[in-house]
Every structure is written in structure tokens, then in C-alpha cells.
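Subject: Handover of a structure

Hello,

I am passing this structure on to you. Please open it first, then read the notes below.

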Amino acid sequence: MKRIDITKEKTKKSFDYEWTKSEFHKTSHLTEGFDIVNDFLNETGMPKEWFKNKICLDAGCGNGRYSYAMHKLGAKVYAVDISDTGLDYVKKFKDIIAIKGDLNNLMFNEESFDLVFSSGVLHHLENSEEMFKKLILLLKKNGIIYIKVYEWKNPIKLFITELIRKSFNDNNSIWNFSKKLADVGKNKILYNFLGLFMFISDSAFTNFDHYATPINHYYKEEEIVEWFEENGLKDIKIINPRRWETHKNMIQRFFRGKNGGFIRISGIK
Ligand SMILES: C[S@@+](CC[C@H](N)C(=O)[O-])C[C@H]1O[C@@H](n2cnc3c(N)ncnc32)[C@H](O)[C@@H]1O
């Protein structure tokens, strides 16, 4: 097996594991009281009226929480992922077209979609920028592309995060660690303190994403804006649903990132 295939297999295994774990993730789109549609609209900054009769691609859909939101808003949704356990949940919704596959080998015609949406995926791929270009080809003229990727972290934080990642060799131990870290992360003081030196979230899933997957790219906002500009996208928008995580101060930016750890960005073809 080639190195790239081994890495891909490891990525798939970690997500297969992750999607079997969470009751919240499994049922987030079904749980009463959790408004996944509103969460999706907040994440994308898009108006709810936009989606009616649009054709959308959820590239790396996971358990399909956002495929479901787009479907609820009236769009026809194609949801693609390499993870079998993730897709098992998507398949529960007959109107969503669930496709098991690698984003590197998509079979869609060019200019097929009004929206290409890819949340939390590109930073786990070996060839993120190349994939971004491929995704743009799938957009119709005036179609929208939205991506969410990990934000740059300072070298100390990256070093310690990598050190922890390398100390594990199975998904079970990473999961147990991720859960404990999430509990610690619920304490604001500890969260703020540890967050200076290592990745920490109050969600076990977000922790697991960071510590289990073999590839994690971290980007500066300027770098991703450049991808959008170089590919001729217009109306480029950075979306920040959690405004308190947007930092202007240099020291905060160094320790927390300009956008609090994730870059959410959209543009029009
Ligand atoms: C962090 S999850 C995000 C899932 C979903 N977009 C969400 O926000 O809930 C990343 C997803 O990308 C998928 N993925 C990673 N590499 C992929 C590839 N080469 N082709 C298709 N899917 C991939 C993983 O299986 C996983 O479900």
C-alpha cells in the first residue's frame, strides 16, 4: 500500500470510530431542542430563503447533520463521505442522496452545484488546496463555495498538541483522553489556561478530530483568502458566528488565533 493510501485509511478509521461514538452526533439532527438548521445558518451566514430548490454538495458530510439542515431548508442534497458509519446516519434520510466515496475521485459533472459546502474536511486531506480547486469546478456560475478549516496555531501550541498526538496509538485511548479533556474544557479557567499551550475544546468530538486524525493542516486567514482570490471567487466573506472568539489584540491572536481556531469562509464563482 502506498503511503498516501495508508494515511487515507487511517483518516477513514478514525472517523468511522468517531461516528459510532456520539449519541449527540448520531442524533443531533433529530434531537428536540437542538436547532441544527439554525446552527447551520449561523455557521454559514447564509439566508434561509436561499436554499429552496438549490442543488447542494456536502463534501465530507460525516453523519450528515448539515446535509439534513440543507435538506430541511428545501435544497436537493448530495452528501459524500468516505466513512461508512457516518453515511449510515445520512442514509436514514431517503431524500438526501448519500454517496460513499473519496473526494479525490468524485464523479460529478463540472458546474453541477449551486452550493459546495465542506465543513471541517479539507484540513484532513493531503492535498487540501488541490481539492479546493476541484470543488470549485463543480460549482455552477454564480454558485457559492463554503469551507471551514482549522486556523493557524502558534508553534508552542502546535508542538505540544503534536507531542500528545504522537503519544497515542489507538483510537480508544484517544477517545478516552478526548472525553477527559472535554470535561476539563468545561471549566473556563482551565480551558483558558490549557488553551494557551495545547488544543482543547469542551467537545470530545472536536478534541478527537484534532488528536486522532493523521493529517491536520492549520491555515492563516490570509492564506485561505488567497486561495479564494487566486481562483477568481467574488464576494469573499469570513463568517464568525462566535464574535467573542474574534481577536484583534496581537497577544490574543498569537494564543487563540484571529478567528478563535477555525476559518469559515465563502465566495461566489
Ligand atoms: C470533522 S468531520 C466533518 C463532518 C461534517 N462536515 C460536519 O461538519 O459534521 C470530517 C469528515 O470528512 C470525511 N473525509 C475525510 N477525508 C475524506 C475524503 N478523502 N473523502 C471523503 N470524505 C472524507 C471524514 O470521513 C469525516 O466524516
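Which residues does His124 touch, not counting residues up to four places away in sequence? They are Thr11, Thr213, Ile215 and Asn216. Two residues are in contact here if their C-beta atoms, placed from the backbone, lie within 7 Å.

Two remarks on the basis. This is a predicted model, where local features need pLDDT of at least 70 and side-chain atom pairs count only at pLDDT 80 or more, while totals for chains, interfaces and linings use all residues. Residues are numbered from 1 along each chain as its sequence is written.

More on His124. It lies in the loop between strand E4 (113-119) and helix H6 (128-137). Helices (H or I, at least four residues) and strands (E, at least two) are DSSP runs, numbered from the N terminus. His124 counts as buried, because it has 21 C-beta neighbours inside 10 Å. The cut-offs: buried means 20 or more other C-beta atoms within 10 Å of the residue's own, exposed means 12 or fewer, and partly exposed is in between, with C-beta atoms placed from the backbone. Lys8 is 116 residues from His124 along the chain, yet their C-alpha atoms are separated by 9.2 Å.

Next, the domains. Domain 1 covers 3-152 + 218-268, and domain 2 covers 155-212. These bounds come from an automatic or database domain assignment. The domain centres, taken over C-alpha atoms, are 22 Å apart. Domain 1 puts 8 residues into the contact and domain 2 puts in 7. On the domain 1 side, helix H1 (residues 3-21) gives the most, with 4 residues. That side divides into 2 nonpolar, 4 polar and 2 charged residues. Nonpolar means Ala, Val, Leu, Ile, Met, Phe, Trp, Tyr, Cys and Pro; charged means Asp, Glu, Lys and Arg; the others, Gly among them, are polar.

Then the ligand. There are 21 residues around it, and Phe15, Gly60, Gly62, Ser83 and Gly120 come nearest. A residue is near a molecule or strand if its C-beta atom, placed from the backbone, lies within 6 Å of it. H1, helix H4 (65-72) and strand E2 (76-81) each supply at least two residues of this shell. By class, the shell has 8 nonpolar, 9 polar and 4 charged residues.

H4 also packs with helix H3 (residues 36-44). The angle is about 95° and the axes are 9 Å apart. Axes are lines fitted to C-alpha atoms, for helices over the stretch in contact, and angles run from 0 to 180 degrees between N-to-C directions. H3 and H4 are therefore roughly perpendicular. That term covers 65 to 115 degrees; under 35 is roughly parallel, over 145 roughly antiparallel, and the rest oblique. Ile36, Val37 and Phe40 in H3 meet Arg65, Tyr66, Tyr68, Ala69 and Lys72 in H4. This contact has 6 nonpolar, no polar and 2 charged residues.

Now Ala98, in strand E3 (residues 97-100). Is Ala98 buried or exposed? Ala98 is buried, because 22 C-beta neighbours lie inside 10 Å. Leaving aside neighbours within four places in sequence, Ala98 is in contact with Ala79, Leu87, Val90 and Lys91.

Asn142, in strand E5 (residues 139-150), has a positive phi of about 70° although it is not a glycine. Asp235, in strand E6 (residues 234-238), has a positive phi near 50° and is also not a glycine. Asn142 counts as exposed, with 10 C-beta neighbours inside 10 Å. Asp235 counts as exposed, with 10 C-beta neighbours inside 10 Å.

Best wishes
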